Amino acid sequence: MKNKFLVLQTDFGLADGAVSAMQGVAYSVAPEVTISHLTHEIQPYNIHDASYRLFQTVQYWPAGTVFVSVVDPGVGSNRRSIVAKTSAGQYIVTPDNGTLAYVAKYVGLEVVKEINEEKNRLPHSEESHTFHGRDVYVYNGALIADDEVYFNQLEKEVPVDSVVQLDISEPHLEEGVIHGVIDILDIRFGSLWTNIPLDLVKQAGIQAGDTLSVRIYHNGIKHYDNQLLFGHSFADVPVGETVAYTNSLIRLAVAINQQNFSKVYGIGTGNEWQIEVKKVEKGECTHE
Amino acid sequence: MKNKFLVLQTDFGLADGAVSAMQGVAYSVAPEVTISHLTHEIQPYNIHDASYRLFQTVQYWPAGTVFVSVVDPGVGSNRRSIVAKTSAGQYIVTPDNGTLAYVAKYVGLEVVKEINEEKNRLPHSEESHTFHGRDVYVYNGALIADDEVYFNQLEKEVPVDSVVQLDISEPHLEEGVIHGVIDILDIRFGSLWTNIPLDLVKQAGIQAGDTLSVRIYHNGIKHYDNQLLFGHSFADVPVGETVAYTNSLIRLAVAINQQNFSKVYGIGTGNEWQIEVKKVEKGECTHE
Amino acid sequence: MKNKFLVLQTDFGLADGAVSAMQGVAYSVAPEVTISHLTHEIQPYNIHDASYRLFQTVQYWPAGTVFVSVVDPGVGSNRRSIVAKTSAGQYIVTPDNGTLAYVAKYVGLEVVKEINEEKNRLPHSEESHTFHGRDVYVYNGALIADDEVYFNQLEKEVPVDSVVQLDISEPHLEEGVIHGVIDILDIRFGSLWTNIPLDLVKQAGIQAGDTLSVRIYHNGIKHYDNQLLFGHSFADVPVGETVAYTNSLIRLAVAINQQNFSKVYGIGTGNEWQIEVKKVEKGECTHE
């Protein structure tokens, strides 16, 4: 039975030895784990993106998979080290700094335990205070991946709602207009991923083949205003044309077929990038 | 028996969660596969390079290995999804868009089957139309890696010669001059890899230690003209000197010892970059 | 018993097929090895950094782990190919070009054997002279990972002190001032890692909470001069402030909390970047 999955995410990059030292520790305490990598290219200290990438992937992994996510600007401070068990049965080991926010909101957490950084750590690592990824997180993560009993035996359970949250914006539908934000990019391709679920799109009476009015604002100032086909995929429009579509997380997204929307229009991510979407009725003039 | 190799190649990069979601799907349907990565840094939409990288690597893997290659600018169009079994026994799961061309030409395909994108896909993924890497390709690839019977049971066999081809240029020898093209780069080091096999070099009467006249043309316009030693390796010339050699695919290549030939001379790849090579006879004056 | 770890390091990058071809060879000769990656982003030809990254990681891996490190500017020359067994029981397969220097000095080597490049190589690879990573190093590394008997049967043992060394600078304490060099960076975060072990810091009477005078010289010319807290971690100072701390290898390091010290102050690595550290006594005026 080879089913002990350990998935690592950090902002360490892969150019030095940090991630490999973590893997060595994991295999030393749990030689039979299967190690995989979510990404190590999270922008340094970007807790939001680390949180989102966990949400993007965690549900595609078997129950019992252990994620270790180390984006930890507060290493050495009194921020807690925790392990959460999701409602779908995966574990996430991480500093409690907001990294769990997206999974907490959209997947759900079942149990959260605190790790005692003095006691539950790599033996003989006590003089090291800056690499909890190696000395604390992957060490505990590998032990849980090896045997879930280790999780059960962690003594200190903490309330699920004590976990540090992020300011995650809620989309809403008002007088036929959907209001949302640009959560994150499909990085290599530059498509904008919004926080607007397909259900809300349907609720607005929009279906594939409709034309949408899409407006993007930066802190309230209009930055982009155009009409787009709501297609199934990029291939529904010619190369170089814009298209709205349902992305792989079943949320509304905006792209240019075979080009980079984010770069072409200079649009970023976060709650300061708002998007408004409405259906253009046939024959309607959308100019104000 | 741990011998279920699944090798992934995409143009997704590793900075977001796409490749990890694919791995989660693979492990969910086939927990015992061993996942490896060819590269995820194929330039977006560059089918040629994806095709070449498969040719560069597939033969070094055991029979039964399953490659999943997803460079898929036509996702959502009516391009086919296929699985090819190579003459050497590896499988390649990919959109049928040219990705198989180099392997088809230089390794050979034995059987090709079409994947039914509606039926052979990750359950509950039907609202997702833009991530066939996760929902179709890796799902099918993992099932084949887990048990080749799955491949045999795919119902729709298609003719090997129906697979989409690329315009792969043929080198030839004419009056002592070898005519070829620069296929691709040894990326990190900037060496030029040509389509000229060592056999053709030998046929031109060239052997290690000879001096070669090397001319490189961009769409017929001469871009580089020099005499180079045909050595065994970079170390046959001083640091900073140019050298011609037989690369790891047993084809003619051109490099600068410890420098980047492609950058120094501004030379790219593709059929528009032609190369002419001939042996310089002792005492010959090569100036025209 | 799944405990056959093979760890790869190169300067090949991951953008082409080189590293995947190496993995295919490894699995072909030893299907049960577990392959992991130290890094493939060593700057081309940078033997020093390859050597340091092995030192940074090797001790965190179980005895019996086989590292294959291929930074090999001299491929095709008469530099030796060797395998070293460390004092802690890991193996390192590498060209003998200085790559072993840090591990030899700080971990220790127990036995070193030479690989016969003609005899101990991938069958049918004799026409390839430029990719010993695939044809020689990973081939031998995988066989050792599969069964240590293969190492024992390599015939030619060579003296441990015949291994090529690098000019590794020794730190020293003189009249209360510690003299060292900047060995390498914590790449993603830009912290400077010195060659000064915590023991020497303690010997200088310095403890956490002290203020240090830190001076950095480039080839003897003063480049940076400031007073820093010697803290446990970055979080001991506000964001944007400098701090000295003990890094994860238990050596003195210098950082800016959540910024990049190396970039902000334009400081590099190597023996030409010297650092002087002394304790600032309370009430002392450090201006000269």
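**Close-up views of a predicted three-chain model**

**View 1. The open sheet of chain B.** In chain B, seven strands form an open sheet with mixed pairing, in the order β2-β1-β3-β5-β4-β6-β7; strands here are DSSP runs of E with at least two residues, helices are runs of H or I with at least four residues, both numbered from the N terminus, and two strands pair if DSSP finds at least two bridges between them. At the edges lie β2 and β7 (157–158) of chain B, each of which pairs on one side only. The model is predicted, with local features needing pLDDT of at least 70 and side-chain atom pairs counting only at pLDDT 80 or more, whereas totals for chains, interfaces and linings use all residues. Residues are numbered from 1 along each chain as its sequence is written, while chains are lettered from A and ligands numbered from 1 in the order in which they are written.

**View 2. Strands β3 and β5 of chain B, with the helices that pack on the sheet.** Strand β3 (residues 66–70) and strand β5 (residues 91–95) of chain B run parallel and are joined by three bridges, and V68(B) has V93(B) in β5(B) as its bridge partner. Helix α4 (residues 132–146) of chain B lies across β1, β3, β4 (81–86) and β5 of chain B, at about 170° to β3(B). From another chain, helix α1 (residues 18–29) of chain C packs on the sheet and touches β1 and β2 of chain B, its direction making about 150° with that of β2(B). Axes are lines fitted to C-alpha atoms, for helices over the stretch in contact, and angles run from 0 to 180 degrees between N-to-C directions.

**View 3. The contact between chains B and C.** Chain B gives 30 residues to this contact and chain C gives 29 residues, two residues being in contact if their C-beta atoms, placed from the backbone, lie within 7 Å. On the side of chain B that touches chain C, the elements giving two or more residues are β1 (5–10), β2 (34–39), α2 (47–57) and β13 (242–246) of chain B.

**View 4. The rotation axis.** Chain A can be laid on chain B with an RMSD of 0.0 Å by a turn of 120° and a shift of 0.0 Å along the axis, the copies being superposed by least squares on the C-alpha atoms of residues with pLDDT of at least 70 in both. The two copies are therefore related as by a three-fold rotation axis. Among the residues of chain A, T34(A) comes closest to the rotation axis, at 5.1 Å (C-alpha).
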